[in-house]
2 protein chains.
Amino acid sequence: MTSKPHPAHYTIRELAERFDVTSRTLRYYEQEGLLSPKREGAKRLYSQADKARLELILRGKRVGFSLEDIKDMLDVELLNAGSNRDGLEKSIARFEERIGVLKRQRADIDKAITELSNGKRWLEERLADREPPEDLKRRARAFEALAQARLTQWETGVGD
Amino acid sequence: MTSKPHPAHYTIRELAERFDVTSRTLRYYEQEGLLSPKREGAKRLYSQADKARLELILRGKRVGFSLEDIKDMLDVELLNAGSNRDGLEKSIARFEERIGVLKRQRADIDKAITELSNGKRWLEERLADREPPEDLKRRARAFEALAQARLTQWETGVGD
DNA sequence: AGACAAGTTGACGTGAACGTCAACGTAAAT
DNA sequence: ATTTACGTTGACGTTCACGTCAACTTGTCT
């Protein structure tokens, strides 16, 4: 049990390199209230908890949340410390909203993957039966036509 | 067969409203080479194909691609008109890369959904057994601890 | 002591993706 | 003929999320 699994705290560079961001970024996050590392004199010391928060922050970013959004989500504890019943319900509603956003986004991504896979297949076919450029031109329009066809299908659900 | 399923072309406002963007946005996309509607005099006329492209553009944006990325993807036909074998393979590689990005992003989203669902559940529990604020404070730390625990697990895979 | 790396705080700069505003054209309605 | 609605092209402003640079302190190695 005397093993030392992790350093217990990191310098700004260590954390920055580990997560492939710059130190400027970490200071900026602190300035925006997303991180609040301890200080040893003037120097910042990042704890495991800070590291965990950073991971959440970065994932939040990757999935498209703004820093302000992320701050709200991470500060949920503080938010509901200040407010009671009413604030709690509001917080819950916001969480549900975010979850909804993510689910829609997931659907978008699935569609995009399909598009790109189709595009890739199209390219691969071009590569396979390398035809004369004249024919290529004619076939090129098939791509847009395809996209349009897909769109037209959804359209029935959207209403015209 | 004399039915008129859709207008065949749209004004800038019609398209903007339908997709909930401003006309400025559409002009900007044109300026950046993402759209190229016909002109009737000075006015823009958007065809079905333009509409289809716009849909693709907007989804591309929603899943996090930059306009330049999107342009590249949509212009793939032109790209490979200029280049032959070599260009084709490069294009295919780029498509694969983008697909990879999206898949990673989808994984991120799934994780984020899990996080938020946990956060929501935590809030709901708070709401259910409304405890005295003192106890609340102690429990509040559970949230970060939880995040940290999850992080620690991954850590084994990342290496220290 | 001197050099050097790594940290700090301002302050200003930057790129993407538009917003906003001015000045103007055009087409239909009153 | 004038208003109203909608369109056009610049040109400049704005927000976010940092990048960059200067001037400085602090610790460490030689």
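In this predicted model, chain A holds an open sheet of three strands in the order β1-β3-β2, with antiparallel pairing. Because β1 (9–10) and β2 (38–40) of chain A stand at the edges and have a single partner strand each, one side of each is left without a neighbour in the sheet.

**The sheet and helix of chain A**

- Strand β3 (residues 43–47) of chain A runs antiparallel to β2(A), and three bridges join the two.
- Within this pairing, Glu40(A) has Lys43(A) of β3(A) as its bridge partner.
- Helix α3 (residues 48–62) of chain A lies across β1 and β3 of chain A, and it runs at about 80° to β3(A).

- Of the atoms of DNA strand D that come within 4 Å of the protein, sugar and phosphate account for 70%.
- By residue class, the surface near DNA strand D divides into five nonpolar, four polar and six charged residues.

**Phosphate contacts and contributing elements**

- In chain B, an N or O atom in the side chain of Thr11(B) is 2.2 Å from a phosphate oxygen of DNA strand D.
- The elements giving two or more residues to the surface near DNA strand D are α2 (23–31) of chain A and α1 (12–19) of chain B, and α2(A) gives the most, with four residues.

Key
Residues are numbered from 1 along each chain as its sequence is written. Chains are lettered from A and ligands numbered from 1 in the order in which they are written. Side-chain values use heavy atoms; hydrogens and water are left out. A residue is near a molecule or strand if one of its heavy atoms lies within 4 Å of it. A polar contact is a pair of N or O atoms within 3.5 Å; within protein, one must be able to donate a hydrogen and the other to accept it, and residues adjacent in sequence count only if both atoms are side-chain atoms. Ala, Val, Leu, Ile, Met, Phe, Trp, Tyr, Cys and Pro count as nonpolar, Asp, Glu, Lys and Arg as charged, and the others, Gly among them, as polar. Two strands pair if DSSP finds at least two bridges between them. Contact means heavy atoms within 4.5 Å. Axes are lines fitted to C-alpha atoms, for helices over the stretch in contact, and angles run from 0 to 180 degrees between N-to-C directions.
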